[in-house]
Amino acid sequence: MRSIWNGSISFGLVSIPVKLMNATENHAISFRQIHVEDGGRIRYRKVCELDEEEVPASETVKAYEDADGTVIPVTDEDLASLPLPTAKTIEIEGFVPSSAVDPLQLDSAYYLSANGVPAAKPYALLREALRRSGKVAVAKYALRGRERLGMLRVSGDVIAMHGLLWPDEIRAPEGVAPDTGVKVRDAELDLADALMNTLGDADMDTLHDDYREAVEELVAAKAAGEPVAEEESEEPEGKVIDLMAALESSVRAAKESHGEDGGEVADVHHIGSGRGGGAKKKTGASSKGASSKKAAPRKAAAKKTPAKKTAAKETAAKKSAAKKPTAKKSAAKKPAAKKTTSPGTRKRTSA
């Protein structure tokens with residue numbers, strides 16, 4: 001790992017020679033700009049706006065433009081002559097709990113390595129002191145022509161340093177928070193907690209850049225002359241959704257993705273959908289009871305049906321007997337049929 005800065009950590013009267021190395025690397029795919037017609041690369045040249053001639057790097061210097069437009073040249077020699085005590089030193093200012101550092105201040109990350117065998121002992125001393133105290137060191141250092149703020153902490157067996165933004169470089173979140181009139185119900189919080197518990201912990205080691213992989217596949221396909229596969233992207237709907245319904249669906253989807261039963265969402269909360277589920281179960285049970293009660297009269301009616309049919313036949317026979325005397329005699333010869341006739345039928349017949 002190549003060092004980008006050599007200096008020392010000033011820990012009181014203890015000086016620890018160290019090397020500074022980048023702890024991160026950028027894996028983003030870089031593109032060039034080309035001329036569409038012939039594929040020629042587009043390059044930027046430094047041109048003086050007064051004589052419109054290209055100026056080499058050896059003839060360019062820094063300059064500060066005043067409010068009235070006056071340009072004041074500032075050379076590297078001018079900056080090097082400034083009394084900067086942190087030019088080659090990481091000056092520890094004090095120690096604070098890690099929670100005292102706002103994550104908004106975090107900038108670049110570096111590893112600090114002991115520079116040489118004599119530096120190993122004081123390096124290990126500072127590392128173990130930080131580890132045991134549970135605190136981080138706040139320090140000043142100079143890098144790339146300016147003084148910066150840093151935070152030293154223990155990362156495994158090494159001391160890591162995070163560049164920090166100065167407190168006055170953090171903007172106040174004015175007008176960013178939602179309206180204070182927004183209220184969150186306990187039932188909504190319960191579902192949000194259930195969703196968080198279902199999603200579980202994030203495995204940071206498994207996270208990767210899907211977009212970068214897609215760009216790499218796109219470049220490889222175009223280089224091979226293969227057709228580029230287009231995926232339909234779902235457009236976000238600009239609708240105001242039902243928050244409770246969205247939370248319930250999210251919990252159900254998260255459970256299904258984790259191999260759990262997604263039908264237990266109603267047990268998570270005690271509002272509308274949960275009660276509705278219980279009501280449906282009771283309704284189902286009552287409907288079964290109602291259907292069994294209704295079935296009983298039907299059976300009874302089925303038993304009485306033959307008697308009614310017999311009575312209806314005898315009534316029709318008597319009416320026809322009134323018209324045909326011969327039929328009356330034949331009806332009189334069948335006493336069994338008269339016995340089966342119900343009393344109610346006889347009254348209606350005589351009427």
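## Ground rules

In this report, buried means under 20% relative accessible area, exposed means over 50%, and partly exposed lies in between (1.4 Å probe, protein chains only). By that scale arginine 212, at 23% relative accessibility, counts as partly exposed.

The model is predicted, so to speak of a local feature takes a pLDDT of at least 70 and side-chain atom pairs count only at pLDDT 80 or more, while totals for chains, interfaces and linings use all residues. Residues are numbered from 1 along each chain as its sequence is written, and side-chain values use heavy atoms, with hydrogens and water left out.

## The barrel

Let's start with the strands. Helices (H or I, at least four residues) and strands (E, at least two) are DSSP runs, numbered from the N terminus. Two strands pair if DSSP finds at least two bridges between them. Seven strands make a closed barrel in the order β1-β2-β6-β9-β8-β7-β5, and the pairing is mixed. From one strand to the next the twist averages 40°, where axes are lines fitted to C-alpha atoms (for helices over the stretch in contact) and angles run from 0 to 180 degrees between N-to-C directions. As background, strands of a sheet pair through backbone hydrogen bonds, either parallel or antiparallel.

Strand β1 (residues 5-11) pairs with β2 (residues 14-22) in the antiparallel sense over seven bridges. Within this pair, serine 10 stands opposite serine 15 in β2.

## Strand β7 and its partners

Strand β7 (residues 135-143) is mostly covered, with seven of its nine residues buried. On one pairing, six bridges join β7 to β5 (residues 89-97), and the two run antiparallel; here lysine 140 in β7 is the bridge partner of glutamate 91.

β7 is also joined to β8 by seven bridges, again antiparallel, and tyrosine 141 has arginine 148 in β8 as its bridge partner. The two strands form a hairpin with two residues between them, and arginine 144 in that turn has a positive phi of about 55°. Most residues other than glycine have a negative phi.

## Phenylalanine 11

Phenylalanine 11 belongs to strand β1 and is partly exposed, with a relative accessible area of 24%. Which residues does phenylalanine 11 contact, leaving aside its neighbours within four places in sequence? They are Ile92, Phe95 and Leu126, where contact means heavy atoms within 4.5 Å. Phenylalanine 11 and isoleucine 92 are 81 residues apart in sequence, yet their C-alpha atoms are 6.1 Å apart in space.

## Salt bridges

A salt bridge here is a side-chain nitrogen of Lys or Arg within 4 Å of a carboxyl oxygen of Asp or Glu, and by this rule the count comes to seven. One of them joins arginine 45 to glutamate 54, with the closest N and O atoms 3.6 Å apart; both residues are exposed. Another joins arginine 146 to glutamate 169 at 3.8 Å. That pair links distant parts of the chain, 23 residues apart: arginine 146 is in strand β8 (residues 146-155), and glutamate 169 is in the loop between β9 (158-164) and α3 (186-199). Arginine 146 is partly exposed at 38% relative accessibility, and glutamate 169 is partly exposed at 38% too.

Glutamate 216 and arginine 212 also meet in a salt bridge, 3.7 Å from N to O. They are separated by about one helical turn, because they lie four residues apart in helix α4 (residues 210-223). Glutamate 216, at 41% relative accessibility, counts as partly exposed. Elsewhere, salt bridges that share partners join Arg127, Glu128 and Arg131 into one network.

## Helix α3

Ala187, Glu188, Leu191, Ala194, Leu195 and Thr198 are buried in α3. Seen down the axis, these buried residues fall within an arc of 120°, so they line one face of the helix; the arc is that of the directions from the helix axis to the C-beta atoms. The buried residues pack against α5 (243-257).

On the other side of α3, Asp186, Met196 and Asn197 are exposed. Glycine 200 follows the helix with a positive phi, near 75°.

## A loop residue

Finally, glutamate 52 sits in the loop between β2 and β3 (62-65). Glutamate 52 has a positive phi of about 55° although it is not a glycine, and it is exposed, with a relative accessible area of 66%.
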